[in-house]
Amino acid sequence: MKVLVIEDELALLQDIRNYLEGANMTVETASDYQQALSKISGFDYDCLVVDINLPHGSGFDIIHKLKAQESKAGIIIISARHSLDDKIKGLNIGADDYLVKPFHLSELNARINSIIRRRILDGNNLTTFHEIRIDHTAQTVTIHDKPVLLTHKEFDLLVYFISNKNKVLSQLSIVEHLWMDEIELVDSYAFLYTHIRNLRKKMQDAGCPNYLKSIYGIGYKWEDQ
Ligand code: CA
């Protein structure tokens with residue numbers, strides 16, 4: 001899961017990044033309004049954590065821009081303000097949740113997970129696909145009722161493919177979903193190839209048919225057989 005955190009208090013920004021990375025998320029950060037705008041216009045995220053009072057702009061405007069570009073990302077406002085008006089305004093313009101500072105990082109993590117489950121996984125903790133069973137809370141996978149050990153990237157890849165089954169996913173969209181914004185595309189395609197090869201091997205060893213088809217020159221498609 002890829003998250004963008006927009007916050008100008010740098011110590012807090014770093015704390016959030018460390019915590020969420022420890023929870024296996026891919027975390028990008030922006031510490032002012034312009035940086036946030038350039039991130040959201042260039043990249044897709046599963047969830048954004050947005051501070052309202054930013055240098056040179058407001059978090060509300062970032063949310064407006066996201067909505068204008070029909071982003072599917074979940075949005076959590078974090079704000080020192082605790083007026084009811086701000087909260088209502090945030091939720092009215094399309095934020096999913098609102099957290100008043102100071103907050104516990106574990107609560108932020110839990111709320112991000114809950115939004116992602118709601119938006120991407122239709123509210124389910126478990127996804128099953130034929131013999132494959134994914135527990136999103138425990139981040140575990142079983143195939144034919146036997147546990148299969150996946151790396152975090154392999155786990156994210158599997159969830160991304162199954163959530164988009166029967167759709168052709170370009171290499172670029174997969175890479176953008178799973179990796180940091182700064183990574184060089186050439187490197188990331190090589191990384192992607194390696195992770196996919198390893199994921200395929202583990203699935204095959206556990207007795208799965210090859211659901212993941214390579215679409216020559218484009219990317220991949222997870223096919224329901
Ligand atoms: Ca601020």
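In this predicted model, the calcium ion is coordinated by Asp-8 (OD), Asp-51 (OD) and Asn-53 (O), at 2.1 to 2.3 Å, where donors are N, O and S atoms within 2.8 Å of the metal (3.2 Å for Na, K and Ca), and where sites may look incomplete, since water is not among the atoms. Along the chain, the donors of the calcium ion show the spacing D-x42-D-x1-N. Distant parts of the chain are linked in this way, with Asp-8 in the loop between β1 (2-6) and α1 (10-22) and Asp-51 in strand β3 (residues 47-51), 43 residues apart; helices (H or I, at least four residues) and strands (E, at least two) are DSSP runs, numbered from the N terminus. Asp-8 is partly exposed at 28% relative accessibility, whereas Asp-51 is buried with a relative accessible area of 3% (buried means under 20% relative accessible area, exposed over 50%, and partly exposed in between, with a 1.4 Å probe and protein chains only).

Strands of a sheet pair through backbone hydrogen bonds, either parallel or antiparallel. Here, five strands form an open sheet in the order β2-β1-β3-β6-β7, with parallel pairing, two strands being counted as paired if DSSP finds at least two bridges between them. Between β1 and β2, the parallel pairing extends over five bridges, and Val-3 stands opposite Val-27 in β2.

Residues are numbered from 1 along each chain as its sequence is written, and side-chain values use heavy atoms, with hydrogens and water left out. Local features need pLDDT of at least 70 and side-chain atom pairs count only at pLDDT 80 or more, while totals for chains, interfaces and linings use all residues.
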